[in-house]
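Subject: The model you were asking about

Hi,

Here is the structure I promised to pass on.

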Amino acid sequence: WYYKMFISWTNQKIKDTFVKRNVFDFQHIRPFDRALIDNPGPMVLFATPGMLHGGLSMEVFKKWAPGAQNLVIMPGYCVAGTLGHQVLSNGGKPQVIDLPAAEGGGKLHIRCKVKHLSFSAHADAKGIMTLIKQVDPANVMLVHGEKKKMEALQVRIQKELNLPCYFPANGSTCYIPTPHPVPVALP
């Protein structure tokens, strides 16, 4: 239902089509059946998490990565320290990696082709600026993205929208001044 909520973020062609039919209704896409993991033949699987730190994507990757006939496309950004980042940092060449203990440990021989596709389901700067204008907050906090891009967006938000904007590091505390005390009820 997110596509309905954010249809204003799409281009005019999609907006015009949306009144006739749901462009996000993909009739040939269905949930993945784990029983298919070992089936021979071509398959396409869209799985999360894309950084390969667990879940269905990791389960399938461990099975398909050793096969030189397979292709894994890594969409979007992979945070440093994740398996996805490690796989991409080798430039798509065969490699042997150590699996995390949470995934059973051991070595994984990656012989499949690995490609990176710059894709993200996240809003771009234009979409974020539009959302901020619509919501009209007192403060903005950026919590996900690359540091340099977040710094540039912070400057843009402060300059164009005249709003305080923060992007604290993971795990840090951010203090936002308020013009008057805000009462908080604790259980």
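Predicted model: local features only at pLDDT ≥ 70, side-chain atom pairs only at ≥ 80, totals over all residues.

Below is what I found when I went through it.

**The overall picture**

The protein chain has 6 helices and 6 strands. Going from the N terminus, the order is α-α-α-β-α-β-β-β-α-β-α-β. Of the 187 residues in the chain, 22% are buried. I also looked at contacts between residues at least 6 apart in sequence: 54% of these join residues at least 24 apart.

**Two helices towards the end of my list**

The crossing of the two is right-handed.

If you want to display the contact, pick A125, K126, I128, M129, I132 and K133 on the α5 side. Their partners in α6 are L153, R156, I157, E160 and L161. Sorted by class, this α5 to α6 contact comes to 7 nonpolar and 4 charged residues, with no polar ones.

Which residues of α5 are buried? They are G127, M129 and I132. The cover over the buried residues of α5 includes α6 as well as β5 (140-141). M129 and I132 turn up in both places, then: they are buried, and they belong to the α5 side of the contact with α6.

**Two backbone spots to check**

Just after α5, D136 has a positive phi of about 55°. N162 does something along those lines: its phi is near 50°, which is a positive value in a residue other than glycine. You will find N162 in the loop between α6 and β6 (165-166). N162 is exposed, because its relative accessible area is 68% and the cut-off for that label is over 50%.

**Salt bridges**

How many salt bridges does a search of the whole structure find? There are 6.

D38 belongs to the loop between α2 (12-18) and α3 (55-64), while K63 is in helix α3, so the bridge ties together parts that are 25 residues apart in sequence. D38 is exposed, with a relative accessible area of 57%, whereas K63 counts as partly exposed at 47%.

Another is formed by the side chains of K107 and D98, with an N to O distance of 2.6 Å. K107 counts as exposed at 56% relative accessibility, and D98 as partly exposed at 48%.

The side chains of E146 and K149 also meet in a salt bridge, at 3.9 Å from N to O. That one still makes the list because the cut-off is within 4 Å. E146 is partly exposed, at 34% relative accessibility, and K149 is exposed, at 58%.

As a reminder of the background, side chains of opposite charge can pair when their charged atoms come close.

That's everything from my side.

Cheers

Notes:
Residues numbered from 1 in each chain as written. Heavy atoms only, no water. Left-handed = near helix turned anticlockwise from the far one by under 90°. Helix = DSSP H or I, 4+ residues; strand = E, 2+ residues; numbered from the N terminus. Contact = heavy atoms within 4.5 Å. Nonpolar A, V, L, I, M, F, W, Y, C, P; charged D, E, K, R; others polar. Buried < 20%, exposed > 50% of the residue type's maximum accessible area, 1.4 Å probe, protein only.
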